[in-house]
Amino acid sequence: MKILFIISNLANGGAERVISTLCDEFSKMGDTCEILYFEQNSGYYEYKATLTHLPLYEKYEKRGILNKLSKFWHKLSKFWRINKAIKKSNSNAVISMLDQTNINVLISTFFATKSVIISEHTDERELKSRFWRAMRRLLYPRAKALVVLNESEKNYYNFSKNAKVIYNPLNADFLSPSAPANKENIVLCVGRLESVKNYEFYLKSLALISPDLRKNWRFIIAGDGSQKERLLALNNELKIGAEFIGHAKNTKELYAKASILALPSKSECLPNVLIESIGFYCARISTPTAGASELITHAKDGIIASELEFAKALEQLMRDEKLRASLAKNALRRLADFEPAKIAFKYKELMLS
């Protein structure tokens with residue numbers, strides 16, 4: 001079986017990691033994969049697949065009316081070009097990733113016989129444009145199936161037929177639990193330094209924790225983004241002493257040392273950090289996003305705390321080693337839900353249905 005994945009950009013995001021892992025699993029099943037992408041390939045992930053670049057967003061040097069006509073034609077012709085690329089792939093199944101790409105692919109295959117599985121990896125509220133939201137509601141029912149990451153998203157997409165919750169597969173490196181030795185007093189955050197990750201709120205929450213307790217802990221934030229300078233200034237102003245270490249290539253080393261994994265986000269669909277950290281015996285605490293509710297049973301295998309209660313809950317977790325150990329141990333039961341072979345099989349069932 002040949003499977004065609006379609007995505008706009010091959011960067012270092014969660015959807016790209018999912019494609020990489022699924023390609024590995026499908027290759028073990030004897031299938032072949034191709035990835036059609038429109039923008040750049042950062043080379044961050046390796047793919048057991050043929051990579052096909054379809055440059056849909058070239059810049060134009062023409063001026064005046066010719067430039068406007070050229071841009072208009074290019075926007076219009078992209079649907080024909082996508083359709084042509086799909087036909088050329090001669091694939092048995094097409095899986096499209098992320099909202100605007102899903103819409104472009106569904107338009108491109110509107111009159112084609114090829115059925116398309118679409119996949120969503122972000123909170124539905126992240127798509128702000130009224131136009132794109134209207135197009136999503138109009139076109140998503142045309143897909144063969146829609147893959148979402150949590151029950152809340154499935155309920156939202158009740159207008160789309162055959163919506164299925166399929167979790168992201170966990171890379172094999174994170175599946176084998178490591179012994180909870182060598183844990184340090186570290187509260188770890190991993191994520192982009194952007195508004196949705198809510199780090200401004202997080203730093204202000206840390207300022208509410210007892211200074212006597214705080215001085216015995218390290219607060220490490222791994223990630224880069226547009227808010228970096230603003231957050232560094234706030235960190236200095238509040239005298240938190242949080243360590244901004246930039247983008248971390250090997251998060252496993254951080255998980256292995258950290259006692260607590262904190263996620264203060266405004267919204268999350270199925271946050272990888274709450275999954276990846278399980279096998280490293282990190283006690284998890286998160287704000288009440290849809291993704292956190294899917295991955296944490298409050299007070300059993302993690303803590304879900306509102307913004308009003310977050311500082312208090314985190315302080316309790318920092319003080320109580322037995323609570324941290326209990327939450328981390330209970331969370332290990334969830335690891336089996338994210339086995340790559342199991343996730344790939346669920347996708348295969350959709351393709352063959």
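**Aromatic pairs, cores and salt bridges**

In this predicted model, one aromatic cluster is made up of Tyr-140, Tyr-156, Tyr-157 and Phe-159. A search of the whole structure returns 15 aromatic pairs. Among them is the edge-to-face pair of Phe-131 and Trp-132, with 5.7 Å from centre to centre and 80 degrees between the planes. Phe-131 counts as exposed because its relative accessible area is 52%, and the cut-off for that class is over 50%. Another edge-to-face pair joins Phe-201 and Phe-310, with a centre-to-centre distance of 5.5 Å and an angle of 65 degrees between the planes. This pair links distant parts of the chain: Phe-201 belongs to helix H6 (residues 199–206) and Phe-310 to helix H12 (residues 310–319), 109 residues apart. Both Phe-201 and Phe-310 are buried. A ring also meets a charge in this model: the charged end of Arg-142 sits over the ring of Phe-110, at 3.9 Å from its centre.

We turn next to the nonpolar interior. In soluble globular proteins, nonpolar side chains tend to be buried together. Here the largest nonpolar core holds 58 residues, and Phe-5, Phe-26, Leu-188, Tyr-255 and Tyr-347 have the most contacts inside it. Helix H1 (residues 14–28) supplies the largest share of this core, with six residues. A second, separate core of 30 residues includes Leu-206, Ala-305, Phe-310 and Leu-327.

With neighbours within four places in sequence left aside, Phe-5 is in contact with Ile-19, Leu-22, Cys-23, Phe-26, Cys-33, Glu-34, Ile-35, Leu-36, Ile-95 and Met-97. Glu-34 is also touched by Ser-89, along with Lys-2 and Leu-4, when residues up to four places away in sequence are not counted. Ser-89 lies in helix H2 (residues 64–89) and is classed as buried because its relative accessible area is 4%, where the limit is under 20%.

Beyond residues up to four places away in sequence, Cys-189 touches Tyr-199, Tyr-202, Ile-220, Ile-221, Ala-222, Ala-262 and Pro-264. Cys-189 and Pro-264 are 75 residues apart in sequence, with 8.5 Å between their C-alpha atoms.

Charged side chains complete the picture, with 16 salt bridges in the structure. Glu-124 and Arg-136 form one of them, their closest N and O atoms being 3.6 Å apart. Glu-124 sits in the loop between strand E5 (116–119) and helix H4 (130–139), and Arg-136 in helix H4. Both partners, Glu-124 and Arg-136, are buried. Salt bridges with shared partners join Glu-124, Arg-133 and Arg-136 into one network.

Arg-230 and Glu-200 meet in a salt bridge of 2.9 Å, N to O. Their bridge links helix H8 (residues 228–238), which holds Arg-230, with helix H6, which holds Glu-200. Arg-230 is exposed, with a relative accessible area of 51%, whereas Glu-200 is partly exposed at 26%. Asp-301 and Arg-284 form a further salt bridge, at 3.8 Å from N to O. Asp-301 lies in the loop between helix H11 (290–295) and strand E13 (303–304), while Arg-284 is in strand E12 (residues 283–286). Asp-301 and Arg-284 are both buried.

How values were computed. Residues numbered from 1 in each chain as written. Predicted model: local features only at pLDDT ≥ 70, side-chain atom pairs only at ≥ 80, totals over all residues. Heavy atoms only, no water. Core = buried A, V, L, I, M, F, W, Y, C linked by side-chain atoms within 4.5 Å. Buried < 20%, exposed > 50% of the residue type's maximum accessible area, 1.4 Å probe, protein only. Helix = DSSP H or I, 4+ residues; strand = E, 2+ residues; numbered from the N terminus. Contact = heavy atoms within 4.5 Å. Phe/Tyr/Trp six-rings, centres within 6.5 Å; stacked < 30°, edge-to-face > 60°. Lys NZ or Arg CZ within 6 Å of the ring centre and 35° of its normal. Salt bridge = Lys/Arg side-chain N within 4 Å of Asp/Glu carboxyl O.
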